[in-house]
Amino acid sequence: MIVLGIDPGLANTGWGIIEERSGQVRCRAYGCIKTSAGSDLAVRLRHIADDLNAVVERYHPEEAAIEGVYFGANVRSAIPTAHARGAALVACSLCGVEVGEYTPMQIKQAVVGTGAADKAQVAYMVRTLLHLDHDPRPDHAADALACAICHTHLRRTAQLSKGSYMIERGNGYS
């Protein structure tokens, strides 16, 4: 399965494409969409949507994963991120790609093993899990790849849980 991971941001939206086969994940591509602070908001959002559309057309992901907006201490910075996230969701919807949404803590937990991981730990585990010889740069791309990895891990867990439930039901354990 090919998965697009998205780390939304108005100035920088990270994206990453991974492929999962038989429980193994590999990186296919990653990058960062940059928009100019001097441009109109609508122009910046269209740039994000158009570039993500081009990524989808090039790599044909079957599913996507996007990081949710973390409000934390600075609500003002969350609003532009929420706008970028909306543009990314629309781009995926227009391309017919289903999107899973994950909190930063879920992503860190799935990739590093703790929701309190820092950016360096996330980048290291992304490099390790994807068998890369370098940390993906910029950090936005590494975060997008982490989001895609989270999606594959949680999707696989859900499938295994559903399968064990079906086995139990089939054996009269329901």
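How many of the 174 residues in the protein chain are buried, as a percentage? Buried residues make up 40% of them, where buried means under 20% relative accessible area, exposed over 50% and partly exposed in between, using a 1.4 Å probe and protein chains only.

Before you click around, note that this is a predicted model: local features need pLDDT of at least 70, side-chain atom pairs count only at pLDDT 80 or more, and totals for chains, interfaces and linings use all residues. Residues are numbered from 1 along each chain as its sequence is written, and side-chain values use heavy atoms, with hydrogens and water left out.

**Stop 1: the whole chain.** Switch to a cartoon view. You have five helices and five strands to find. Helices (H or I, at least four residues) and strands (E, at least two) are DSSP runs, numbered from the N terminus. Starting from that end, the elements go β-β-β-α-β-α-β-α-α-α.

**Stop 2: the sheet.** Now pick out the strands. The five form an open sheet in the order β3-β2-β1-β4-β5, with mixed pairing; two strands pair if DSSP finds at least two bridges between them. At the edges sit β3 (24-34) and β5 (98-102), each pairing on one side only. From one strand to the next, the twist averages 20°. In general, strands of a sheet pair through backbone hydrogen bonds, either parallel or antiparallel.

**Stop 3: strand β1.** Select residues 2-7. Six of the six residues of β1 are buried, so this strand is largely enclosed by the rest of the structure. Turn the view and check both faces: I2, L4 and I6 are buried on one side, and V3, G5 and D7 on the other.

Next, look at the partners of β1. With β2, the pairing is antiparallel over six bridges, and G5 stands opposite G16. A hairpin of four residues connects β1 to β2. With β4, the pairing is parallel over four bridges, and I6 has I66 as its bridge partner there.

**Stop 4: T13.** Move on to strand β2 (residues 12-21), which pairs with β3 in the antiparallel sense over ten bridges. Click on T13, which lies in β2 and stands opposite I33 in β3. Is T13 buried or exposed? T13 counts as buried because its relative accessibility is 0%.

Show what surrounds T13. Contact means heavy atoms within 4.5 Å. Leaving aside neighbours within four places in sequence, the contacts of T13 include I6, D7, I33 and A84.

**Stop 5: helix α3.** Select residues 104-111. This helix lies across β4 (63-67) and β5, running at about 90° to β5. Axes are lines fitted to C-alpha atoms, for helices over the stretch in contact, and angles run from 0 to 180 degrees between N-to-C directions.

**Stop 6: the largest pocket.** Finish with a surface view. A pocket is an open set of points on a 1 Å grid over the protein atoms alone, where a 1.4 Å probe fits, with protein on both sides within 12 Å along at least five of seven lines; lining residues have an atom within 4 Å of a point. The largest pocket holds about 410 Å³ of space.

Conventions. Points joined across faces, edges and corners; volume = space filled by probe spheres on them.
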